[in-house]
Amino acid sequence: PDRLFCCRLKAPSEASYVEAFFAGPAIRKQIEEASRSAAGHQRISISDLKNFSILRPPLDEQTQIVRRIDELLSLADSLNGRICNAERRVELSSQAVLAKAFRGELAGHEAF
């Protein structure tokens, strides 16, 4: 929380790909292996970062990977929205059924 590293890419056109790569499991594993704990804080040095292995396919392939990631994240957002809407409808439906039950309005059931 008290340190921030900034780097300048040799090829700025790779920025979106590098950002996506740093969000993935391959780099996460390298970070976890290189980090050290001091006073309860995980730390990593710039020299460790310089030794990380970043898979860098050709630029056109990087562009396709980033586009596909964006598509999948958009799909996930859309599905999450649909799930939230369905959960709200179920909740409203459940509340409506309970309200009818308490009023004795459920068809085919006798009130106690």
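Reader: Which residues are linked in a network of salt bridges?

Author: Let's take the general idea before the case. Side chains of opposite charge can pair when their charged atoms come close. In this predicted model, Arg67, Arg68 and Glu71 are joined in such a network. One link in it is between Glu71 and Arg67, whose closest N and O atoms are 2.8 Å apart.

Reader: Where do Glu71 and Arg67 lie?

Author: Again, the general idea comes before the case. An α-helix has 3.6 residues a turn, so residues three or four places apart point the same way. Here Glu71 and Arg67 are both in helix α4, 4 residues apart, or about one turn of the helix. Glu71 is partly exposed, because its relative accessible area is 37%. Arg67 also counts as partly exposed, at 45% relative accessibility.

Reader: How many salt bridges does the structure hold?

Author: There are 7 salt bridges in the structure. One of them joins the side chains of Glu14 and Arg56, at 3.0 Å from N to O. This pair ties together distant parts of the chain: Glu14 sits in the segment before α1 and Arg56 in the loop between α3 and α4, 42 residues apart.

Reader: Are Glu14 and Arg56 buried or exposed?

Author: To read this, look at the relative accessible area: under 20% is buried, over 50% is exposed, and partly exposed lies in between. Glu14 has 11%, so this residue is buried. Arg56 has 54%, so this one counts as exposed.

Reader: What about Asp48, with which residue does its side chain meet in a salt bridge?

Author: The partner is Arg36, at 2.7 Å from N to O. This pair, too, links distant parts of the chain, with Asp48 in helix α3 and Arg36 in strand β1 (residues 36-38), 12 residues apart. Asp48 counts as buried because its relative accessibility is 16%, while Arg36 is partly exposed at 47%. If you set aside the neighbours within four places in sequence, Asp48 is in contact with Ala34 and Arg36.

Reader: Let's turn to helix α1. Which of its residues are buried?

Author: In α1 (residues 15-22), the buried residues are Tyr17, Val18 and Phe21. Viewed down the helix axis, they fall within an arc of 95°, so they line one face of α1. The buried residues of α1 pack against α2 (25-34) and α4 (59-103).

Reader: Which residues form a nonpolar patch on the surface?

Author: That patch is made by Leu72, Leu75, Leu79 and Ile83, which together have about 350 Å² of accessible area. Take Leu72 as an example: this residue is in helix α4 and is partly exposed, with a relative accessible area of 42%.

Reader: Now for the whole protein. What pattern does it follow along the sequence?

Author: Read along the sequence, the pattern is α-α-β-β-α-α, with 4 helices and 2 strands in the protein.

Reader: What is the radius of gyration of the protein, and how do I read it?

Author: Set the value beside that of a compact globule. For 112 residues such a globule would have a radius of gyration near 13 Å, but this protein has 25 Å. The C-alpha trace spans about 75 × 45 × 20 Å along its principal axes.

Reader: And what share of the residues counts as buried?

Author: Of the 112 residues, 12% count as buried. The accessible surface comes to about 9700 Å², and 57% of it belongs to carbon and sulfur atoms.

Key
Residues numbered from 1 in each chain as written. Predicted model: local features only at pLDDT ≥ 70, side-chain atom pairs only at ≥ 80, totals over all residues. Heavy atoms only, no water. Buried < 20%, exposed > 50% of the residue type's maximum accessible area, 1.4 Å probe, protein only. Arc of directions from axis to C-beta. Contact = heavy atoms within 4.5 Å. Patch = residues over 30% accessible without salt bridge, like charges linked within 9 Å, V, L, I, M, F, W, Y side chains within 5 Å. Areas by Shrake-Rupley, 256 points an atom, 1.4 Å probe, with all protein chains shown as cover. Salt bridge = Lys/Arg side-chain N within 4 Å of Asp/Glu carboxyl O. Rg over C-alpha atoms; globule rule 2.2 N^0.38 Å.
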